[in-house]
Amino acid sequence: MTASVAADVAIGSFTDNGPWVIDLDDLPWRRDLVRVREAVRRSVPELTKRERVPPVGRMLTTLRHLGLPLAVWAVRDRGTDRSTASISRRLRIAAEQLGPTYIKLGQIISSGEGIFPEDLVNEFRKCRDQVPAESFAAVRRVVEEDLGRPLESVFRTFERTPLAAASIAQVHAATIATGEEVVVKVQRSQVQTLVRRDLRVMSWVAPLLVGRIPISALANPPALVELFAETISEELDFRLEAENMLDVARAFAELGQRGYVVPRPHPELVTKRVLVMERLSGFAFDDVVGMKNAGVDTEAVIRTGMIGSMEGALIHGIFHGDLHGGNLFVRPDGRTALLDFGITGRLSEERRIALLRLLIGASMNDLTIQMTALRDLGALPPDTDIQEVITTLGLDRPVVDPTTMTGDELVQEIQRTVKGLLGIGARMPKELMLFVKNMVFLDGAIATLAPDLDIIGEVAHVSEVIAARHGERIMDQLGMEFDPDWQADTTGFKASLGLTPDVEKITYRDLQERRKVIGERLQSAQTKPGPRRKPRPWRRA
């Protein structure tokens with residue numbers, strides 16, 4: 001490390017020279033955050049408790065915006081070839097009309113490709129840039145109330161028009177009094193009250209949706225509301241987000257992972273509703289031409305994303321929990337800047353070990369280890385019979401290439417799997433959902449940045465890099481013997497893509513073609529003419 005590099009680069013994956021230097025022992029806003037974080041966690045069951053009497057006014061508003069469109073869908077479109085697209089569009093419109101809480105839920109769904117139905121994901125992507133900004137007067141009021149002084153005494157300049165406006169907050173470019181360029185994240189003035197009120201309504205509505213609409217079958221609406229409450233409650237305190245930034249940056253530094261850059265939060269200008277941070281710039285994640293013209297190796301960007309995300313979770317139990325194109329960009333030096341740490345995955349030691357076991361089991365193609373790890377992660381009930389799950393889901397059967405199946409066979413296989421998962425009480429715990437969601441995003445990013453990358457070879461390479469760096473430590477933590485000559489077994493990964501063991505290579509272009517074929521066959525099977533089902537009465541399950 002040269003003398004010109006800031007001292008705090010030793011403790012965090014920051015820019016070489018920032019507008020200030022982070023001293024972990026001199027950050028007044030960090031005091032007592034352990035208690036704050038624990039209090040937020042403990043508040044979730046109370047926030048999602050289904051009370052005897054719902055908040056009537058908001059309940060009626062919600063039912064007007066949500067219930068009426070769903071009733072129209074049930075009469076007009078249910079059971080038709082436009083069913084899923086229709087209900088997805090109606091839910092998105094309802095979310096926009098209901099305001100910040102529902103828009104935030106939609107934004108989380110929008111980055112859940114591969115977890116939620118494609119039509120639903122595509123519709124809710126429209127929520128990312130359709131949130132009206134709050135007035136500058138409201139922004140000024142929040143900033144001055146939280147910082148305890150006039151805005152002009154803190155900032156030399158403060159742009160009235162936000163750089164971005166989201167459901168929880170909006171972001172303004174500014175210059176602080178000492179001359180440094182910053183970004184100021186300001187929470188919407190009424191969002192905390194709205195979120196708590198809307199969570200009470202969601203807790204009432206969610207049980208009514210179980211089994212009533214096709215897109216909710218696997219999402220499990222009550223569990224989704226609980227997960228959403230846990231996520232959004234943490235986002236409402238920007239001190240926790242600033243700490244997330246420091247903890248993720250520190251994890252990367254300790255791993256020697258310098259492919260990522262985290263903006264520095266300001267040492268003093270952080271409160272519950274205001275977060276001042278270093279301003280970074282770079283290429284949008286889909287600006288391939290700009291990156292290549294700057295000499296950026298886009299395949300290396302993808303590789304860094306995969307290795308960095310996995311290392312943070314596996315070794316330190318912490319990772320950015322909401323990767324999508326709007327939350328990161330690539331700097332001219334090829335490093336990826338991460339933004340917006342409101343959603344951050346934090347694994348307990350028990351769950352970190354379980355995730356380690358899951359990925360080790362996958363690299364060894366050992367189903368028993370993988371299913372046991374999923375149980376320990378909370379995805380399966382504690383008393384689950386692992387071998388029975390393997391048999392019920394048919395995981396021990398030979399892999400059948402889905403492109404060789406008819407549309408009807410594909411539908412039957414999906415229905416069988418869904419029924420099996422629901423039958424054993426499967427659910428998606430928060431940390432696992434965030435981790436899977438990130439991997440799905442990176443999978444999709446390959447299509448833009450490195451479409452000709454051999455996915456099988458890359459997964460093997462990433463596994464072996466992590467094994468070379470941390471294998472001995474990982475196996476010691478799992479109570480297993482480390483083999484320095486170990487090589488990844490990609491059979492299980494191939495199976496997850498519907499590939500037979502003999503397939504040695506597949507690019508993302510090839511994978512997209514396979515998915516297109518499968519999608520067309522499913523669509524064909526679902527639109528076959530047949531007797532139209534009568535809408536079922538909407539009653540509580």
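I took helices (H or I, at least four residues) and strands (E, at least two) as DSSP runs, numbered from the N terminus. Residues are numbered from 1 along each chain as its sequence is written. I worked on a predicted model, where local features need pLDDT of at least 70, side-chain atom pairs count only at pLDDT 80 or more, and totals for chains, interfaces and linings use all residues; side-chain values use heavy atoms, with hydrogens and water left out.

**Entry: overall fold**

I looked up the secondary structure of the protein chain and found 20 helices and twelve strands. I then checked the radius of gyration, taken over C-alpha atoms, against the globule rule of 2.2 Å times the number of residues to the power 0.38. For 541 residues a compact globule would come out near 24 Å, and the protein chain has 24 Å, so the two agree. The C-alpha trace spans about 70 × 65 × 45 Å along its principal axes.

For burial I used relative accessible area: buried is under 20%, exposed is over 50%, and partly exposed is in between (1.4 Å probe, protein chains only). Of the 541 residues in the protein chain, 52% are buried.

**Entry: surface patches**

I built patches from residues with over 30% relative accessible area and no salt bridge; like charges are joined within 9 Å, and nonpolar side chains (Val, Leu, Ile, Met, Phe, Trp, Tyr) within 5 Å. The areas come from the Shrake-Rupley method with a 1.4 Å probe.

Val 53, Val 56, Leu 60 and Leu 63 make a nonpolar surface patch of about 360 Å². I placed Leu 63 in helix H2 (residues 56-76). Leu 63 counts as partly exposed, because its relative accessibility is 39%.

For charge, Lys and Arg count as positive and Asp and Glu as negative, while His and the chain ends are not counted. I took the place of a charge as NZ of Lys, CZ of Arg, CG of Asp or CD of Glu. Asp 23, Asp 25, Asp 26 and Glu 268 gather in a negative patch on the surface. Asp 23 sits in the segment before helix H1 (33-47). Its relative accessible area is 41%, so Asp 23 is partly exposed.

**Entry: helix H1**

I found Ser 43 in helix H1. Ser 43 is partly exposed at 27% relative accessible area.

**Entry: salt bridges**

I counted a salt bridge where a side-chain nitrogen of Lys or Arg is within 4 Å of a carboxyl oxygen of Asp or Glu. The structure holds 33 salt bridges.

One of them joins the side chains of Arg 37 and Glu 243 (2.8 Å, N to O). Arg 37 is in helix H1 and Glu 243 in helix H10 (residues 238-255), so the pair ties together parts that are 206 residues apart in sequence. Both Arg 37 and Glu 243 are buried.

I also looked up Glu 152 with Arg 140, whose closest N and O atoms are 2.8 Å apart in a salt bridge. Glu 152 lies in helix H7 (residues 151-154) and Arg 140 in helix H6 (residues 136-147), so this pair ties together parts twelve residues apart in sequence. Arg 140 is partly exposed, at 23% relative accessibility.
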